[in-house]
Structure formats: C-alpha cells, structure tokens
Amino acid sequence: MDSKPIPFDTNAVSSRRAIIRRNPDNLQEIEMIEAAWGSNPHFSDGVTYEFIRAEGKNFPTNRCLVAASEVHIRNGEKKFRAFREDGNFFYLAAIWEPAMGDWPVSYRIITVDANPEIIRYQARHGAMIERRDAQKWLSHTVPEKDLIVTPPFGRFHVEEMPTCRSKRASPFSLSVGKTRHSRA
C-alpha cells in the first residue's frame, strides 16, 4: 500500500488505494488501510456506487480521507488533470463501509458542485479537504457544512492530458444520467 498522494482517476472504478480513518476498534487511533472504491453491489441491486452527494446529508460516522495529488477527469473524448495551483496535495472527503462477505472495506467519495475552474468540464467533483483540516474531518470537531464546500475560484489548474480513444465516460462527466451517486 502506497501512502504517497497519487492522482485520483475517476475512471478507475473498483480500484484499491489507501484511505485514512479512525480505527473502529480504538477511535483514538488514526490508521491507514487499503480499501476498494465503491459500495458493495450485493446491497444495491448489483450497482456499485462510487459517490455520495453532500447536499442535505450528515456524515456522523465512518469518515475517511483519500490523499490525492490531482484528479483525472474525462469529458467526452478528452481527459484532463485538475491539480492545486499551489502544487500541494489534498484530501478527498469520503465515507468508508466495513467489509461484508467477500466484499472488502470500501469507500465512496463525497461530491459537491464543481468550482469555477472545473465546471467547464463536469458538474460535480470530490469534496476537497485541506490538509490543515484533515483532523477536523476525522474528529468531527467542525460541522460538515463548514468543511464540505465548493472550493473558491483559483484553487485548481486544469490542463488537457494526452489520451487514448475511449468510449467510457467519467462518472463525474457532464452527462448527469451516467453519474452513480447513492441516495443514502
């Protein structure tokens, strides 16, 4: 398991990566574990949900963080990378679910409306938690509404990436019908 922040590719459904969470057996301890991206399909008519909308929701338990150096997004045939203007890595806010049966510990990314730089490419993106706010997210010391917000203008730089021709659309793409957000 690599603890270094790496690009988060929105097309890498069911991939595994490190998440940071409170240890459920000792809430005073913060741990890094490997988890699969997406909910258990056995409980949702065979569909794996990778995202959960932030609007109108509280996340009182099972909060976690996914470190990312940038986010890869696809819009039609083009692929882009969005990264912080200042070059820092960041965290994506997420919730984790325990292992059940043959499905491993998993997580879903919490999404917000896209900020001004990203709205040109897609309508939503993962909720970004600043590094200075990581403990606040994990410790529940600040309400969700103060941490899960659309980042202001000037936070991201977006540039096109060379890409192979692929028909698969990003779950964050402008085609809202393709987005797999859970209703929970």
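Helices (H or I, at least four residues) and strands (E, at least two) are DSSP runs, numbered from the N terminus. By this assignment, the chain has 2 helices and 12 strands. Along the sequence they follow the pattern β-β-β-β-β-β-β-β-β-β-α-α-β-β. The model is predicted: local features need pLDDT of at least 70, side-chain atom pairs count only at pLDDT 80 or more, and totals for chains, interfaces and linings use all residues. Residues are numbered from 1 along each chain as its sequence is written, and side-chain values use heavy atoms, with hydrogens and water left out.

Of the 184 residues, 50% are buried. Buried means under 20% relative accessible area, exposed over 50%, and partly exposed in between (1.4 Å probe, protein chains only). The chain exposes about 9,400 Å², of which carbon and sulfur atoms supply 52%. Areas come from the Shrake-Rupley method with a 1.4 Å probe; for residues, only the protein chains shown count as cover. Contacts (heavy atoms within 4.5 Å) were also counted. Among those with a separation of 6 or more, 70% join residues 24 or more positions apart.

The nonpolar cores were examined next. A nonpolar core is a set of buried Ala, Val, Leu, Ile, Met, Phe, Trp, Tyr and Cys residues joined through side-chain atoms within 4.5 Å. The largest has 25 residues. Ile19, Val66, Phe90, Tyr107, Ile109 and Ile118 have the most contacts inside it. At least two residues each come from strands E3 (26–37), E5 (63–75), E6 (78–84), E7 (90–97), E8 (106–113) and E11 (156–161). E5 gives the most, with 5 residues. A second, separate core has 19 residues, including Ala54, Tyr91, Ala93 and Val112. In soluble globular proteins, nonpolar side chains tend to be buried together.

A search of the whole structure finds 1 cavity of 30 Å³ or more. On a 1 Å grid over the protein atoms alone, a cavity is a set of points where a 1.4 Å probe fits but cannot get out; lining residues have an atom within 4 Å of a point. Grid points are joined across faces, edges and corners, and a volume is the space filled by probe spheres set on the points. The largest cavity has a volume of about 60 Å³. Its lining includes Val71, Ile73, Phe90, Ile118, Gln122, His125 and Met128. E5, E7 and E9 each supply at least two lining residues.

Arginine 63, in strand E5, has 5% relative accessibility and so counts as buried. Arginine 63 and arginine 21 are 42 residues apart in sequence, yet 6.5 Å apart in space, C-alpha to C-alpha. Among the residues that arginine 63 touches are Trp96, Trp137 and Leu138. A polar contact is a pair of N or O atoms within 3.5 Å; within protein, one must be able to donate a hydrogen and the other to accept it, and residues adjacent in sequence count only if both atoms are side-chain atoms. The arginine 63 side chain makes such contacts with the side chains of histidine 140 (3.3 Å) and glutamate 144 (3.1 Å). Arginine 124 lies in strand E9 (residues 124–126) and is buried at 6%. Its side chain reaches the backbone oxygen of threonine 111 at 2.9 Å.

Most residues other than glycine have a negative phi. Histidine 140 has a positive phi, near 60 degrees. Histidine 140 sits in the loop between helix H1 (134–139) and helix H2 (144–147), partly exposed at 36%. Asparagine 62 also has a positive phi near 60 degrees. Asparagine 62 lies in the loop between strand E4 (51–53) and E5, partly exposed at 29%.

Key:
1 Å grid on protein atoms, 1.4 Å probe; cavity = no way out; pocket = protein on both sides within 12 Å on 5 of 7 lines; lining within 4 Å. Lists of a residue's contacts leave out its neighbours within four places in sequence.
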